Amino acid sequence: MKKYILLALFVTLAVTNNVNSQTRGIKVGYIDMEYILEKVPDYAEAKNQLEQKAEKWKQEIETKKNDIAKLKEALKTEKVLLTKELIAEREEEIAFQENELLEYTQKKFGPNGELIVQKAVLVKPIQDQVFNAVQDIAEAKKYDYIFDKSSDLTMLFAAKKHDISDRVVSALTRAEKREQMSKKQLKLEEERERKQEMIDDNPLLSERQKQAEERKAARLKMIEDKKLLAEEKKAEAEAKRKQLLEEKNNKKSGTVSDKPNTDNKDADTKTVAASDKKAEVEAQRKKTLEERQKLIDDRKKAAEEKRLKILADREAAKKAKEDAKNNKP
């Protein structure tokens, strides 16, 4: 019943704001409270402790059930040997223990039991933080409505781009991060968050940023190629210069005619060394080019997938809007 009331309230609010939507579209977002709670470390740890308690209670209940079952089985076996008074006494004891078990079960797992109460105590502070964070985000980003996906409200369709759960998680963890950061780190983190929010609000901006990163990577690749080529030429020139200098020194000392084979051997060795150096530089350049090309290809692929997803979300939202319009009485 509650979810129908909430759904009716949403429809009423949407109709009421129909006039405003003609001049400024209604901005709607949603959160997933269960997802947010799972992302909060304090909640996850406390939840684990509570689950351990609940498991212990369940084991105690199961042990008590087994004890009662043994009493019933013993009474059934010995009934023919007992007097009516003893049978009544045994049955009374079994009934008493069954009532105790029922009371214990209700105390631990009932509607007002310890499990429900402790879970509410555990969730309440975090829920308050979430509500405050949602209000701050709504005011800053001009949201008209923000719903909880995990509540009783039935959401037939919810585009991922309207999910602000990660923003809420960031808001909850931001304070803890800031306590551990220096002023410079804090300023950089705030700037990063500001840019990320701009990207989240505008998918096209994200696409343009990816294109800018690809252009930057291409420029860096070109600069690296030129640098490697210059190093190759420099290595070749240095090897040639050394060879000419050695030949000149050999001529001056008169060792050219005396040791022609040695000079030729040295020259061949230097030529091989220069060739090996060139091959090494070329291999390194080729490896760098392959790595950068792979990086560019991966980014292009990710950008294309993001673009297709945005288009698909828009088409789905448009189709849902058209279906709603066609089904309107």
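## Exercises on a helical chain

Let's start with Leu-37, which sits in helix H3 (helices are DSSP runs of H or I with at least four residues, strands are E runs of at least two, and both are numbered from the N terminus). We're working with a predicted model, where local features need pLDDT of at least 70, side-chain atom pairs count only at pLDDT 80 or more, and totals for chains, interfaces and linings use all residues. Residues are numbered from 1 along each chain as its sequence is written, and side-chain values use heavy atoms, with hydrogens and water left out.

**Exercise 1. Work out whether Leu-37 is buried or exposed, and what it touches.**

Step one: check the accessibility. Leu-37 counts as buried because its relative accessibility is 8% (buried is under 20% relative accessible area, exposed over 50%, partly exposed in between, with a 1.4 Å probe and protein chains only).

Step two: list the partners. Setting aside residues up to four places away in sequence, Leu-37 touches Tyr-43, Val-123 and Ile-126 (contact means heavy atoms within 4.5 Å).

Step three: compare sequence and space. Leu-37 and Ile-126 are 89 residues apart in sequence, yet their C-alpha atoms lie 7.7 Å apart.

**Exercise 2. Find which residues touch the most other members of the largest nonpolar core, and which elements supply it.**

Step one: pick out the residues. This core has 19 residues, and Ile-31, Ile-36, Tyr-43, Val-130 and Val-168 touch the most other members (a nonpolar core is a set of buried Ala, Val, Leu, Ile, Met, Phe, Trp, Tyr and Cys residues joined through side-chain atoms within 4.5 Å).

Step two: trace the elements. Helices H3 (33-39), H6 (114-141) and H7 (165-179) each give two or more residues to this core. The largest share, 8 residues, comes from H6.

Step three: look for another core. There's a second, separate one of 7 residues, including Ile-61, Ile-68, Leu-75 and Leu-101.

**Exercise 3. Describe how H4 and H6 are arranged.**

Step one: take the axes. Those of helix H4 (residues 41-78) and H6 come within 11 Å and cross at roughly 180° (axes are lines fitted to C-alpha atoms, for helices over the stretch in contact, and angles run from 0 to 180 degrees between N-to-C directions).

Step two: name the arrangement. H4 and H6 are therefore roughly antiparallel (that's over 145 degrees; under 35 is roughly parallel, 65 to 115 roughly perpendicular, and the rest oblique).

Step three: see who makes the contact. Among the residues involved are Tyr-43, Leu-50 and Trp-57 of H4, and Leu-115, Leu-122 and Ile-126 of H6. Tyr-43 also turns up in contact with Leu-37 and Glu-38, again leaving aside neighbours within four places in sequence.

**Exercise 4. Say what stands out about the phi of Lys-142, and where this residue lies.**

Most residues other than glycine have a negative phi.

Step two: check the angle. For Lys-142, phi is near 60°, a positive value in a residue other than glycine.

Lys-142 lies in the loop between H6 and strand E2 (145-148), and it counts as exposed because its relative accessibility is 58%.
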